[in-house]
Amino acid sequence: MTTFTGIHTVYFDITGVLVTERPDPEEICRLLSLDCTDPVIVSLVDHAIWAHRDEHDAGGSDSTFWNAVAGDCGNAELSSAQIDALVEADVRRMLSPNERALNWVDQALGAGCTVGVLANAPACVAQALRNAPWAKERFTHFIISGECGQRKPQSTIYRLAAQAAEREPEEILFIDDREKHLRGAQYLGMKTMLWSEKENKSRAE
């Protein structure tokens, strides 16, 4: 059983913690009318998605993001219908939470903590998460880069999280799967935990 002594609010990252599925490059290939049976093309699409993700996470529009991905793959400008289909394919994974992480969320709630989301993600993912039944019934705070315009590990996003919780940083625990994002929280005074799905355990820091 996890101990949350001295903790009032627990923030969780999305991708890699609450949700382990990632956009399916083969499905994106199909939606871009590319050959999804060619591993070179699939790899190109996957690379293009992540090459432009930071701008999308920082508040860039869905249209700008997906047209940049399509352009990297040699496609012409996308139609509104194509962009809508690509967004739907991207956010569908918000309906499939990581059960092990969800167990941690429920433990925190059972210990009397408030729980929230602190993540780099585009606004479309933020909206899908807010609407997901499993998240809607558990999370109080949603501090997401695509909505607030600040990204981890920038200090401002952690300050926004502390302000939303109305607590001192040392009363907040932040769980993420990337050490550089934890360091930003640590500089502010938050307690942190590194989530490691591969090792099937988490390490407290």
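Is R92 buried, partly exposed or exposed? R92 turns out to be partly exposed, with a relative accessible area of 34% (buried is under 20%, exposed over 50% and partly exposed in between, using a 1.4 Å probe and protein chains only). This is a predicted model, where local features need pLDDT of at least 70, side-chain atom pairs count only at pLDDT 80 or more, and totals for chains, interfaces and linings use all residues. Residues are numbered from 1 along each chain as its sequence is written, and side-chain values use heavy atoms, leaving out hydrogens and water.

R92 has a partner: its side chain meets that of E27 in a salt bridge of 2.9 Å, N to O. A salt bridge here is a side-chain nitrogen of Lys or Arg within 4 Å of a carboxyl oxygen of Asp or Glu. E27 sits in helix α1 (residues 25–31) and R92 in the loop between α5 (80–91) and α6 (99–110), so the pair ties together parts 65 residues apart in sequence. Helices (H or I, at least four residues) and strands (E, at least two) are DSSP runs, numbered from the N terminus. E27, at 17% relative accessibility, counts as buried.

The count comes to 11 salt bridges. Among them, D176 pairs with K152, with the closest N and O atoms 2.6 Å apart. Since D176 lies in strand β4 and K152 in the loop between α9 (145–148) and α10 (155–165), this pair ties together parts that are 24 residues apart in sequence. Both D176 and K152 are buried, and D13 joins these two in a network of salt bridges.
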